[in-house]
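Work through the exercises below with the sequence and the 3D structure at hand. Each task is followed by a solution in steps.

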Amino acid sequence: QVPVVESGGGLMQVGGSLRLSCVASGRTFSSSAMGWFRQAPGKEREFVAAISWGGGRTDYTESVKGRFTISRDNAKNTVYLQMNSLKPEDTAVYYCAVSQQSFPRRPELDYEYWGQGTQVTVSS
């Protein structure tokens, strides 16, 4: 119903950078908050970052503050997650999600549509 497609994952050395992109339905994207979640092997999926529909408000989990930046370009129906100073613990499948709410939210249940995920692997 609302296509969500992530891209930009890959292999990176510790301290490196990657930028993830997420393209969603224009109709829904322009009025929806967006979030990034991640799931490491053997662990539960966790919240990473979220952004309001207008891009003016953001929220980050403590472990990525100062390193990751979420942004969006509504004209391109795209949300980004710039990841800098990558650490091994950042290794996970990253998921983009769409919320019907307009402001950043952390609970998974607040998001209605999810992408298939993109793998990020950080190693030495």
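A disulfide is a pair of cysteine sulfur atoms within 2.5 Å. The model used here is a predicted one.

**Exercise 1.** Find the disulfide and state which parts of the chain the pair ties together.

*Solution.* 
Step 1. The structure holds one disulfide.
Step 2. Its partners are C22 and C96, with an S to S distance of 2.0 Å, and the cut-off is 2.5 Å.

**Exercise 2.** Determine the handedness of the disulfide, and decide whether C22 and C96 are buried or exposed.

*Solution.* 
Step 1. Take the torsion about the S-S bond, which is about -80° for C22 and C96; the disulfide is therefore left-handed.
Step 2. Buried means under 20% relative accessible area. Both C22 and C96 are buried.

**Exercise 3.** Give the strand order of the open sheet of four strands, and explain why one side of strand 1 and of strand 7 is left without a neighbour.

*Solution.* 
Step 1. The order in this open sheet is 1-3-8-7, and the pairing is antiparallel.
Step 2. Strand 1 (4-7) and strand 7 (68-73) stand at the edges; each has a single partner strand, so one side of each lacks a neighbour in the sheet.
Step 3. On average, neighbouring strands in this sheet are turned by 15° against each other, direction ignored.
Step 4. Look at the pairing of strand 1 with strand 3 (residues 18-24), which is antiparallel and has four bridges. In strand 3, C22 is the bridge partner of E6. C22 is also one end of the disulfide.

**Exercise 4.** List pairings of strand 9 with strands 4, 10 and 11, and work out whether strand 9 is largely enclosed.

*Solution.* 
Step 1. Strand 4 (residues 34-39) pairs with strand 9 in the antiparallel sense over six bridges. Here R38 is opposite Y94 of strand 9.
Step 2. Strand 11 (residues 118-123) runs antiparallel to strand 9 and is joined to it by three bridges. A92 stands opposite V120 of strand 11.
Step 3. Strand 10 (residues 111-114) is also antiparallel to strand 9, with three bridges. In strand 10, Y113 is the bridge partner of V98.
Step 4. Turn to burial: seven of the eight residues of strand 9 are buried, so the strand is largely enclosed by the rest of the structure.

Notes:
Residues numbered from 1 in each chain as written. Predicted model: local features only at pLDDT ≥ 70, side-chain atom pairs only at ≥ 80, totals over all residues. Heavy atoms only, no water. Pairing = 2+ DSSP bridges. Helix = DSSP H or I, 4+ residues; strand = E, 2+ residues; numbered from the N terminus. Axes fitted to C-alpha atoms, helices over the stretch in contact; angles between N-to-C directions. Buried < 20%, exposed > 50% of the residue type's maximum accessible area, 1.4 Å probe, protein only.
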